[in-house]
Amino acid sequence: VVGGGGTNVSGSGGDRDFSCLVWDVETQGSGTTGSGGGGVAGTPSIGVHAAAHSVKTPAYRFANNSAVASLSWLLNGQYLAVGCQYRNLHIYDLRVKGTNTPPISIFAHKDAVSGIKADPHRPSLFATFSRGVGEPVKLWDIRRMDSHVGEIRTSGMMSSSSTTTAVGGSRGEKGPATSAIAWSKVYPGILSVAIGDTVRDFDTTASGSRPILARVNYAPGPIQCIALQARDRKTSAATSLDLIGDGAKSPTSPSATSGPTTVPDVERQDVVAEYYPHRMIIVTSDGTVHDMPKFQVAPLAISKRDGRIAHSLGSTAWIGSTTS
């Protein structure tokens, strides 16, 4: 985990004594001195360098009543969210000096809080999930932690297989289980939820209603974790809808009149990645890493007037005659 924003805190972790430890590797490692305490006795102020001490000594030490299952920075590092192995979610305010200040503690899930993801477009919003069978994905607002502000119910959502075993579940039940979540950095409010071998995108921006299912993508096998990224398109690729007419040549495709062409697998993957720049990195249960397009749609239409065919890949469309 990497801190950000105005804090000097740069990393965190948990230990076997159910503690959450935070190190300021930047100022501690550089030996910079300044005001504020460190370690168990005190904590550095936000925006002020901590006193010089060994990097083996944590800048913050927070005691938990359960083992740590997940961690995440919130509001540019002003808060640290700690998901416990047993139900609870703790929110530590790092702007408050001293380690005796109790955290905001709330009952989040019936099982371990397996993941915490902050919304990159709405800093106060974050999502949590549990790998328990049928456990919903919950949305929270750091400004009002009395209850969650929304949820995505996973019960009844099945993968392409008839049943999906909960990963890390404690009851050995069968059914849908969330294995990972990720916010889109390109499309505000879109949360991807991995269930079995599917990645389901939900629009969380609709006010006064539950998140809406926008699309479903299928992976080659049960998903363990996902990451979303938008690859930069090459300068030769169109940035908006590129219409390629009869006999024209795409910057990355063979000429329409050149006949059948054998394209190496690596080159074919590069072409596909260019047409579909928004990607998903998926790790399946067998440890295989897959680079998949986020929106793999290839519509086809035939003109009733002259029989021409229009075909699209990503933002590029081809229009050609069936007789040439």
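Strand S5 (residues 79-84) and strand S6 (residues 88-93) pair in the antiparallel sense over five bridges, where strands are DSSP runs of E of at least two residues, numbered from the N terminus, and two strands pair if DSSP finds at least two bridges between them. Within this pairing, Val82 has His90 of S6 as its bridge partner. This is a predicted model, in which local features need pLDDT of at least 70 and side-chain atom pairs count only at pLDDT 80 or more, while totals for chains, interfaces and linings use all residues. Residues are numbered from 1 along each chain as its sequence is written, and side-chain values use heavy atoms, with hydrogens and water left out.

The two strands belong to an open sheet of four, ordered S4-S5-S6-S7 with antiparallel pairing. Strand S4 (68-74) and strand S7 (104-107) stand at the edges and have a single partner strand each, so one side of each is left without a neighbour in the sheet. On average, neighbouring strands of this sheet are turned by 20° against each other, direction ignored, the axes being lines fitted to C-alpha atoms.

What is the count of disulfides? With a disulfide taken as a pair of cysteine sulfur atoms within 2.5 Å, the count comes to zero. Cys20 is in no disulfide, and the nearest cysteine sulfur, that of Cys84, is 9.3 Å away. Cys20 is buried, with a relative accessible area of 0%, and Cys84 is likewise buried at 0%, where buried means under 20% relative accessible area with a 1.4 Å probe, protein chains only.

Leaving aside neighbours within four places in sequence, Met145 is in contact (heavy atoms within 4.5 Å) with Leu89, Ile91, Ile104, Ile106, Phe126 and Trp140.

Elsewhere, Asn217 lies in strand S15 (residues 212-218) and counts as buried at 12% relative accessibility. The side chain of Asn217 reaches the backbone oxygen of Lys294 at 3.2 Å. Not counting residues up to four places away in sequence, Asn217 touches residues including Asp197, Asp201, Met280 and Pro293.

How values were computed:
Axes fitted to C-alpha atoms, helices over the stretch in contact; angles between N-to-C directions. Buried < 20%, exposed > 50% of the residue type's maximum accessible area, 1.4 Å probe, protein only. Polar contact = N/O pair within 3.5 Å; in protein donor to acceptor, adjacent residues only side chain to side chain.
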